[in-house]
Amino acid sequence: MSTAVRPDLYPTRVQGESAPQPRIDPTVWGEAPGPLGSEQLSQYESNGYLVLDDLLSAQEVEIYLSELQRLSEDPVLRASERAILEPESDQVRSVFEVEKVSELFAELLRSPRLTGIARQVLDSEVYIHQSRVNYKPGFGGAPFHWHSDFETWHSEDGMPRPRAFSVSISLTENYPFNGPLMVMPGTHKMFVPTIGETPQDYHKESLRVASPSVGSPDRRHLKRMADEHGIEQITGPAGSAVMFDSNLLHGSNGNLSPFARSNIFIVYNSVENTLEDPFAAPKPRPQHLSNREFPSA
């Protein structure tokens, strides 16, 4: 009796040479009306990201900053697996699954101003695949190496297709010098496999170190993609946001400035793209990193 082989449309964590392949899925999945206009959708489809100005009011920014501070000072939360500390200090780098530890953030993440965009772009009901708050403190917040989120979510979480996107909401000013998000516009249209086998419990390393051993495209591909697409920094005031496709190459420098760069980060995934077994890892990452309990957002 034969067993059907599960198709892997985006093979990665390969041995030997890595060969980029054209994306076979759309970026904007439907044509239904929604919060975004046609020009915004066209820009998002072409570049793989879209800046959303004034998503939060100044009053909301203050409220969420206070909540951010509260979470960082909670000793129980700091000691839990949801909290990731900076590699060179005991300062909090990220807190994951924030909708489970903060009613304030849960309300924002499930608000129509965000989920309406997600339903429009992904053309389905959606759920929160991952959420976190990032602190990136001044005087030493560590960098994040170049990567595609979908490459990780596919290989380590079992996300079948790139029918997902992230929203990063700034709670502090994004300056060119405090480690803002950097993107290579248009790279979401190519899937770049990475080289190397995924170690057991790899998330314990990859979430803390500046240059993870697996999961980033090799320098040859990064150089070629940067030459072709260029690199843009996403700067702007607190309260602004950027949404970007799950397959867009992005990263950020370390923060040597005195000014923290803090943000709320949410990943919306289609309910038609729910997680399977990992495509290139021994076992799935923990629930707080890859949600497998998905009531719609």
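A residue counts as buried when its relative accessible area is under 20%, and as exposed when that value is over 50%; partly exposed residues fall in between. This cut-off is applied below to a predicted model.

The fold comprises eight helices and 13 strands. Its radius of gyration is 18 Å, close to the 19 Å that the globule rule gives for 297 residues, so the protein is as compact as a globular protein of that length. Along the principal axes, the C-alpha atoms fill a box of roughly 60 × 45 × 45 Å. Of the 297 residues, 55% are buried. Contacts were also examined by sequence separation. Among contacts with a separation of 6 or more, 85% join residues 24 or more positions apart.

The accessible surface comes to about 13100 Å². Carbon and sulfur atoms contribute 53% of that area. The charged side chains number 26 positive and 40 negative. The centres of these two sets lie 4 Å apart.

Aromatic contacts were examined next. A pair of aromatic rings is described by the distance of the centres and the angle of the planes. The count comes to ten aromatic pairs. One of them joins Tyr 44 and Phe 165 in an edge-to-face arrangement. Their ring centres are 6.3 Å apart, with 70° between the planes. This pair links distant parts of the chain. Tyr 44 belongs to helix H1 (residues 38–47), whereas Phe 165 belongs to strand S7 (residues 164–170). The two positions are 121 residues apart. Phe 165 has 0% relative accessibility, which is under 20%, so Phe 165 counts as buried. Tyr 44 is also at 0% relative accessibility and therefore counts as buried.

Tyr 175 and Phe 177 form a stacked pair. Here the centres lie 4.8 Å apart and the angle between the planes is 10°. Tyr 175 counts as partly exposed because its relative accessibility is 28%. Phe 177, at 44% relative accessibility, likewise counts as partly exposed.

How values were computed:
Residues are numbered from 1 along each chain as its sequence is written. This is a predicted model: local features need pLDDT of at least 70, side-chain atom pairs count only at pLDDT 80 or more; totals for chains, interfaces and linings use all residues. Side-chain values use heavy atoms; hydrogens and water are left out. Helices (H or I, at least four residues) and strands (E, at least two) are DSSP runs, numbered from the N terminus. The radius of gyration is taken over C-alpha atoms; the globule rule is 2.2 Å times the number of residues to the power 0.38. Buried means under 20% relative accessible area, exposed over 50%, partly exposed in between (1.4 Å probe, protein chains only). Contact means heavy atoms within 4.5 Å. Accessible areas come from the Shrake-Rupley method with a 1.4 Å probe; for residues, only the protein chains shown count as cover. Lys and Arg count as positive and Asp and Glu as negative; His and the chain ends are not counted. The place of a charge is taken as NZ of Lys, CZ of Arg, CG of Asp or CD of Glu. Rings of Phe, Tyr and Trp (its six-membered ring) pair if their centres lie within 6.5 Å; planes under 30 degrees apart count as stacked, over 60 as edge-to-face and the rest as tilted.
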